[in-house]
Amino acid sequence: MFSFFKSKKDLAETDETPAKSVVEPESQSEESISFASRLKQGLSRTRQNLGKQLSGLFGGGKIDEELYEELETILLTSDIGVNATHQLLENLRKQVKRDALTDSIQLKQALKESLIAMLEPLAQPLDTTAHKPFVIMITGVNGVGKTTSIGKLAKFFQTQGHSVLLAAGDTFRAAAREQLIAWGERNNVTVIAPDSDPDKKSDPAAVIYDAVNSAKARGIDIVLADTAGRLTTQLHLMEEIKKVKRVIAKAMPDAPHEVLLVLDANTGQNAITQVSAFDDALNVTGLILTKLDGTAKGGVVAAIAGQYPENPPALRFIGVGEGLDDLRPFDAREFVEALLD
């Protein structure tokens, strides 16, 4: 069972349910309205792919088996996945029968509400107030945007009033150290990094260990620890990242408090395989889905939910652009409204 696949009862008994969410409601704020606009723009490729087809399908006419078959094809080709597609169609059939719907125009709103209901369990805000420092380990395959996500997370947490420290634990990629230091300078936060001498190979676990101890000494609120990208098939590297997690626990027994897996939306259905592999190795507690603005595969969010209908993972953040403020907590209704508007 996935460590982040918790029932509502489990959540009520653990630290996952904050007494007060770090992310305050801001549905009426200018910032929220601005992000809703950016989200809609960021999802434009997926919306064009999915929305245009649905508009043609829901243009009027009777609801019959042919319509359901066409809808199934549209959903599957939008990377929504087999499980999620079947779940959505089943829910739609029940609603059509229950509400005596007869015209296909009525199905658009029904589909929207069914999709929101499917995705809402993924929207679990991250509470970082239970521990200090709160240590977040960032992982994922090569090229998904881990280091960039860390820079944006640092900015996000700073806007929440938290102090942040970055740990440059990706000691394998040549430019990773410099990239994270640049993000640190941009956000005015300290970065604990390995020696810049290319002849000295630094141990990533040791770098993060030092970062956690430094954060404890300085009274820092949040530690964001970068790790080297690795393929799920590179078993020896997966063993190395397990070691990193064990060493973090030596610096702080209950750490890391969050293990975030970064996923690239462009990978579509392969994201589900990555979730499974990394959770087996690290007990992943949350997800970050990046690059939604560069793909027509935004339906993968539903695919993830459909894969785990009982206890879906916590989709902590989504990325819809290149700006510092374009990585934000996932909101199911906001996402679906931007997707199907």
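Start by selecting helices H3 and H13 (residues 332-340), which pack at an angle of about 65 degrees with their axes 8 Å apart. Axes here are lines fitted to C-alpha atoms, for helices over the stretch in contact, and angles run from 0 to 180 degrees between N-to-C directions. H3 is therefore roughly perpendicular to H13 (the term covers 65 to 115 degrees). Helices are DSSP runs of H or I with at least four residues, strands are runs of E with at least two, and both are numbered from the N terminus.

This is a predicted model, in which local features need pLDDT of at least 70 and side-chain atom pairs count only at pLDDT 80 or more, while totals for chains, interfaces and linings use all residues. Residues are numbered from 1 along each chain as its sequence is written, and side-chain values use heavy atoms, with hydrogens and water left out.

Next, show the side chains between the two helices. Thr 46, Arg 47, Leu 50 and Leu 54 of H3 meet Ala 338, Leu 339 and Leu 340 of H13; contact means heavy atoms within 4.5 Å.

Stay on H3 (residues 44-57) and select Leu 57. Leu 57 is buried, at a relative accessible area of 10% (buried is under 20%, exposed over 50%, partly exposed in between, with a 1.4 Å probe and protein chains only). Beyond residues up to four places away in sequence, Leu 57 touches Leu 67, Glu 70, Leu 71, Ile 74 and Ser 104.

Now select Leu 119, Phe 157, Leu 224 and Phe 335, which touch the most other members of the largest nonpolar core, a set of 104 residues. Such a core consists of buried Ala, Val, Leu, Ile, Met, Phe, Trp, Tyr and Cys residues joined through side-chain atoms within 4.5 Å. Helix H6 (residues 105-119) gives the largest share, 7 residues.

Around Phe 157, setting aside neighbours within four places in sequence, the contacts include Leu 126, His 162, Ile 222 and Phe 317.

Finish in the loops. Lys 132 and Pro 133 are joined by a cis peptide bond with omega of about -5 degrees, and Pro 133 lies between H6 and strand S1 (134-139). Ala 100, not a glycine, has a positive phi of about 55 degrees. Ala 100 sits in the loop between helix H5 (82-99) and H6 and is exposed, at 56% relative accessibility.

Technical notes: Parallel < 35°, antiparallel > 145°, perpendicular 65-115°, else oblique.
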